[in-house]
Structures are given as structure tokens and as C-alpha cells.
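Trainee: I have a new structure open and have not looked at it before. Can we walk through it together?

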Amino acid sequence: MKSDPSASAGPLRGSGGPLRSSEPVRAAPARAPAMDLLEEAADLLVVHLDFQASLETCERAWRSLANDALTEEPADTSWEVKCSLCVVGIQALAEMDRWREALSWVLQYYQVPEKLPPKVLELCILLYSKMQEPGAVLDVVSAWLQDPANQNLPEYGALAELHVQRVLLPLGRLLEAEELVVGSAAFGEEQRLNVLQAIHTARQQQERKNPGSEEAQKPSQEASPSSLPFIHTLARLFRWARRAVSARLHQLGVRD
């Protein structure tokens with residue numbers, strides 16, 4: 001009696017273990033077109049230094065995300081790609097000396113300030129502060145900080161402090177800064193004391209000036225977005241964006 005080869009052979013195995021005839025073969029999830037466009041935009045920015053093409057590629061990626069809004073793309077992946085596109089797009093605008101457009105550029109995609117990712121908001125604060133136009137982000141950051149959903153985020157305390165140091169104090173809005181620091185539970189005790197000390201110092205400097213004078217701080221010369229502190233922060237956020245996308249590609253089984 002001959003043995004049946006199909007009975008003696010070991011079970012067929014898939015990536016998840018023995019494959020039964022009733023099990024469908026699971027294909028790897030498709031890579032979203034926006035992720036390809038993000039990688040292209042990053043290369044155009046860093047490798048080819050074609051800033052206009054990089055910005056346009058970011059905008060194509062945003063349109064692709066809008067077209068794919070009804071697909072089953074995981075929310076965390078979409079969030080990572082959107083945030084990364086903002087980092088690349090803001091840097092492209094800054095490189096073309098179009099930094100004034102950065103805030104309106106990101107808001108056209110997020111619609112309302114409260115929905116901006118913390119990393120994108122941080123970058124906008126640093127950019128406009130460095131260019132000595134902190135007033136441009138005042139209303140946006142204030143709206144973001146007042147949103148109850150944002151107050152539970154781990155980045156809230158750091159962004160609130162950044163708002164005080166880089167926006168409110170340079171604008172001379174000391175009472176508003178003090179109310180934010182005292183009234184927010186996001187500040188640790190040491191952090192609160194340090195920021196209140198900075199406010200006290202700013203108030204002393206203000207009192208030494210003529211009463212009622214404006215706190216407008218005019219730059220002595222044209223600022224540049226290439227100054228080192230801003231570039232270091234931008235580079236850190238850009239590296240985060242690349243790591244986030246690479247990690248997602250690894251989950252999808254795709255080499256970047």
C-alpha cells in the first residue's frame with residue numbers, strides 16, 4: 001500500500017504558522033501614496049535642495065490624504081504623515097524666505113488651531129519668535145492652549161512655557177503670562193517658579209521704561225531663519241519625522 005504524499009508531508013506554513021486550507025493568504029497592507037510623496041519631498045529638500053519642488057510635493061501628499069480619507073488607513077499613520085509633511089513644508093518655506101506663510105500653510109490643512117499637532121505648533125512658535133514676529137502666533141497658540149482636549153496632552157506644559165517665554169513676554173503681556181502659569185496644573189512646582197521668576201524679571205525691565213510705553217521689540221537687523229537654535233530644533237523635528245515614517249514602513253513590511 002502506497003503512502004499518500006499529501007498525508008506524510010508536513011503542513012504548509014505561512015508567516016503566522018501552519019496555513020490551513022480555509023485560511024485566506026494575508027497580503028501585506030498597501031503603502032499609502034502619501035508616504036511615497038513624503039519621502040520624495042524630504043529628498044528634494046535635503047538632497048536636491050529644490051525647496052519649491054519639495055513644497056509642491058508636500059501639497060500633492062496632502063491632496064492624496066484628502067482623497068484617501070474614506071479608506072481604512074490607520075489614524076496613527078495618517079497623523080504621523082501629516083505631522084511630517086508639516087515639518088518638511090515649513091522648512092521648505094523658511095529656506096525660500098517665505099516663512100511668513102508657514103502658519104497659514106499648515107492651518108489650511110488643519111482648519112482650526114486647536115487641531116494642530118504639538119510638534120507643528122512648537123515649530124511655528126520657534127520660527128515666528130526667531131523672526132521677531134511672535135504676535136503672528138499669539139491667537140493660534142492661545143486657542144490651542146485653551147482647548148480642553150489639548151490640556152491632557154503630555155506636551156502641554158512644555159508648549160505653555162514656550163508660549164510664555166517666546167510669545168507673551170516679548171509682547172509685554174505679563175499679566176496674561178502670569179495668569180497662564182498660576183492657573184495651569186500642567187506646570188510642575190519648579191517649572192512654575194522658574195517661569196514666574198522670568199515674568200518678574202520682565203516686569204522689572206518694563207517698569208524701568210517710560211510708563212505706558214509699548215513693549216514693541218523692533219529687531220536691530222533682519223533676522224534669519226538659519227540661526228543655530230532654530231535650525232537645531234528644525235533638524236530634531238525633521239529627524240523625528242523621518243523616524244516615524246520609517247517605523248511605519250517597517251510595520252508594513254516595506255523597506256524605505
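Trainee: How many helices and strands does the chain have?

Mentor: The chain has 11 helices and 2 strands. Both kinds are DSSP runs numbered from the N terminus, helices being H or I with at least four residues and strands E with at least two. This is a predicted model, where local features need pLDDT of at least 70, side-chain atom pairs count only at pLDDT 80 or more, and totals for chains, interfaces and linings use all residues. Residues are numbered from 1 along each chain as its sequence is written, and side-chain values use heavy atoms, with hydrogens and water left out.

Trainee: In what order do the elements run from the N terminus?

Mentor: The order is α-β-β-α-α-α-α-α-α-α-α-α-α.

Trainee: What share of the chain is buried?

Mentor: Of the 256 residues, 41% are buried. Buried means under 20% relative accessible area, exposed means over 50%, and partly exposed is in between, with a 1.4 Å probe and protein chains only.

Trainee: And the accessible surface, what does that come to?

Mentor: About 15100 Å² for the chain, with 51% of it belonging to carbon and sulfur atoms. The areas come from the Shrake-Rupley method with a 1.4 Å probe.

Trainee: Let's pick a helix pair. How do helix 2 and helix 3 cross?

Mentor: The axes of helix 2 (residues 33-46) and helix 3 (residues 51-67) come within 8 Å and cross at roughly 170°. That makes helix 2 roughly antiparallel to helix 3, a label for angles over 145 degrees; under 35 is roughly parallel, 65 to 115 roughly perpendicular, and the rest oblique. Axes are lines fitted to C-alpha atoms over the stretch in contact, and angles run from 0 to 180 degrees between N-to-C directions.

Trainee: Which residues make the contact?

Mentor: Helix 2 contributes P33, A34, L37, E40, A41, L44 and L45. From helix 3 come F51, A53, S54, T57, C58, R60, A61, S64 and L65. Contact means heavy atoms within 4.5 Å.

Trainee: Changing topic: where is H163, and what does it touch?

Mentor: H163 is in helix 8 (residues 156-168). Not counting residues up to four places away in sequence, H163 touches L138, V141, S142, L145, L168 and L180.

Trainee: Is H163 buried or exposed?

Mentor: Buried, with a relative accessible area of 2%. H163 and E122 are 41 residues apart in sequence, and their C-alpha atoms are 8.9 Å apart.

Trainee: Last one, where is N150?

Mentor: N150 sits in the loop between helix 7 (138-146) and helix 8. N150 is buried at 7% relative accessible area, and leaving aside neighbours within four places in sequence, it is in contact with E114, W144 and Y156.
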